[in-house]
Amino acid sequence: MQTPDNQQSQKPEINRPLWLLAELTFKCPLQCAYCSNPLDFAKYKDELSTDEWLDIFREGRKLGAVQLGFSGGEPLVRKDLEILVKEARSMGYYTNLITSTVGMDIDRIKGLKEVGLDHIQISFQASDAELNDMLAGTKAFQHKLDMAKAVKAQGFGMVLNFVIHKGNIDYIENMLALSVELGADYVELASSQYYGYALLNRDQLLPSAKQLERAEAIAHRYQDEQEGKMKIYYIIPDYYEKRPKPCMNGWGKIFLTIAPDGTALPCHSARVLPDIEFPNAKDHDLNYIWHESEAFNHFRGDSWMKEPCRTCPEKEKDFAGCRCQAYLLTGDATAADPVCDKAPQHTVVLEAIAQANTKAYDQTVIMRNSKNSKKYF
């Protein structure tokens, strides 16, 4: 029996990478228990040099990348950040700094403005010092507050990012009130994504259904009240969705991540996947990596899909979900993402939700730090 035409395997279409994410370092002064850096981040000691990063930026522009994010770890750890921003801006990138602000002062903010940085995203763990500093594993709240005010005063477009989980979701109204007070242009209430340390701590971090229902109502009220003033994005955990998220808008479609050691990845978590050798930008140019490498072609198209994804009419919307999540939850990177209620192994998600609905946040989390990281290599 033939498969209907609209459900046949499609030849992979290779678009240009619009977004280049430069993970400048895995070093970070914070110890967040939801960090998506690799569990064994401490072993990645060799970081790309300034010139190596600049070569990557040039190759990215030739490929068509227009947005460049500087992240980590904490990108402010890099002493050459201003050089990288200045040169990237001269190449025509729209530049975005994703930061905890630890390592920032007013002079550095002014310096980044002078070299052309377009946009700053500041992470907060909570809306008050006690909870924020407990979740971050270090005293940082007052500094974040001061730096957010200074960033706004320098005329930057400012995003405030709150990673939402069981330990802080009940304070979501306070987070939004703080965002209004600080004059944020955008607010991301981004539920923790369960990779890296977040997956390790999932039983402590996944909110209950009641917590989510209350938080969603508050977020929608603020969205209505702040319409035309401040954009608010509220993203619930995909564990509570019936269909998986279109992870990175499809494997090797839009996003290209370069890790601190030069490893090129379709997403920041992809190195957890077995049996895929990810290329390094020290050894290959980005054109080869994007178009020719086995790694970036591995999950393009749909020929790799199993049922029920292979003949699902929604496969062009969600691309069968997240490959990393499928592997981490099932041991099979080609499996249907278990958050989909059509997935054969959806029960693993239902079991996690059941646990979340009965377990209170007890702070027995594994913090992201070098001591804990060394357990994983």
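Visitor: How do β5 and strand β6 (residues 186–191) pair, in the parallel or the antiparallel sense?

Guide: Let's start with the general idea. Strands of a sheet pair through backbone hydrogen bonds, either parallel or antiparallel. In this predicted model, β5 and β6 pair in the parallel sense, over six bridges. If you want a spot to look at, find Leu-160, whose bridge partner in β6 is Val-187.

Visitor: What do β5, helix α6 (residues 172–182) and β6 make together?

Guide: Those three elements make a right-handed β-α-β unit.

Visitor: Is strand β5 (residues 157–164) largely enclosed or largely open?

Guide: Seven of its eight residues are buried, so β5 is largely enclosed by the rest of the structure.

Visitor: In what order do the strands of the sheet stand?

Guide: Reading across, the order is β7-β6-β5-β4-β3-β2-β1-β8-β9, which makes nine strands in an open sheet with mixed pairing. At the edges stand β7 (231–235) and β9, and each has a single partner strand, so one side of each lacks a neighbour in the sheet. Helix α9 (residues 209–225) packs on the sheet, where it touches β6 and β7, and its direction makes about 165 degrees with that of β7.

Visitor: Where should I look for the antiparallel pairing?

Guide: Go to β8 and strand β9 (residues 264–265), which run antiparallel and are joined by two bridges. Ile-258 stands opposite Ala-264 of β9. The hairpin of β8 and β9 has five residues between the strands, and Gly-262 takes a positive phi near 100 degrees there. Compare strand β1 (residues 19–23) with strand β8 (residues 255–258): they run parallel, with four bridges joining them. Leu-21 has Thr-257 in β8 as its bridge partner. Another parallel pair is strand β2 (residues 67–71) with strand β3 (residues 94–99), over four bridges, where Gly-69 stands opposite Asn-96.

Visitor: How many residues does the largest nonpolar core have?

Guide: The general idea is this: in soluble globular proteins, nonpolar side chains tend to be buried together. In this model the largest nonpolar core has 86 residues, and Phe-57, Phe-70, Phe-124 and Leu-189 have the most contacts inside it. Helix α5 (residues 141–153) gives the largest share of this core, six residues. Apart from it lies another core, of 17 residues, including Leu-205, Leu-206 and Ala-356.

Visitor: Which residues is Phe-124 in contact with, leaving aside its neighbours within four places in sequence?

Guide: Among them are Phe-141, Leu-145, Ala-148, Leu-160, Phe-162 and Leu-182.

Visitor: Where is Phe-319 found?

Guide: Phe-319 is in the loop between α12 (315–318) and α13 (323–330). Beyond its neighbours within four places in sequence, Phe-319 is in contact with residues including Pro-246, Lys-253, Trp-304 and Met-305.

Visitor: What is the mean pLDDT of the protein?

Guide: The mean is 94, and 97% of the residues reach 70 or more. Over residues 1–9, though, the pLDDT is below 50, and this stretch has 12 contacts in the model beyond near neighbours in sequence.

Conventions
Residues are numbered from 1 along each chain as its sequence is written. This is a predicted model: local features need pLDDT of at least 70, side-chain atom pairs count only at pLDDT 80 or more; totals for chains, interfaces and linings use all residues. Side-chain values use heavy atoms; hydrogens and water are left out. Contact means heavy atoms within 4.5 Å. pLDDT is the predictor's confidence in each residue, from 0 to 100. A nonpolar core is a set of buried Ala, Val, Leu, Ile, Met, Phe, Trp, Tyr and Cys residues joined through side-chain atoms within 4.5 Å. Buried means under 20% relative accessible area, exposed over 50%, partly exposed in between (1.4 Å probe, protein chains only). Two strands pair if DSSP finds at least two bridges between them. A crossover is right-handed if, with the strands pointing away from the viewer, the path from the first strand over the helix to the second runs clockwise. Axes are lines fitted to C-alpha atoms, for helices over the stretch in contact, and angles run from 0 to 180 degrees between N-to-C directions.
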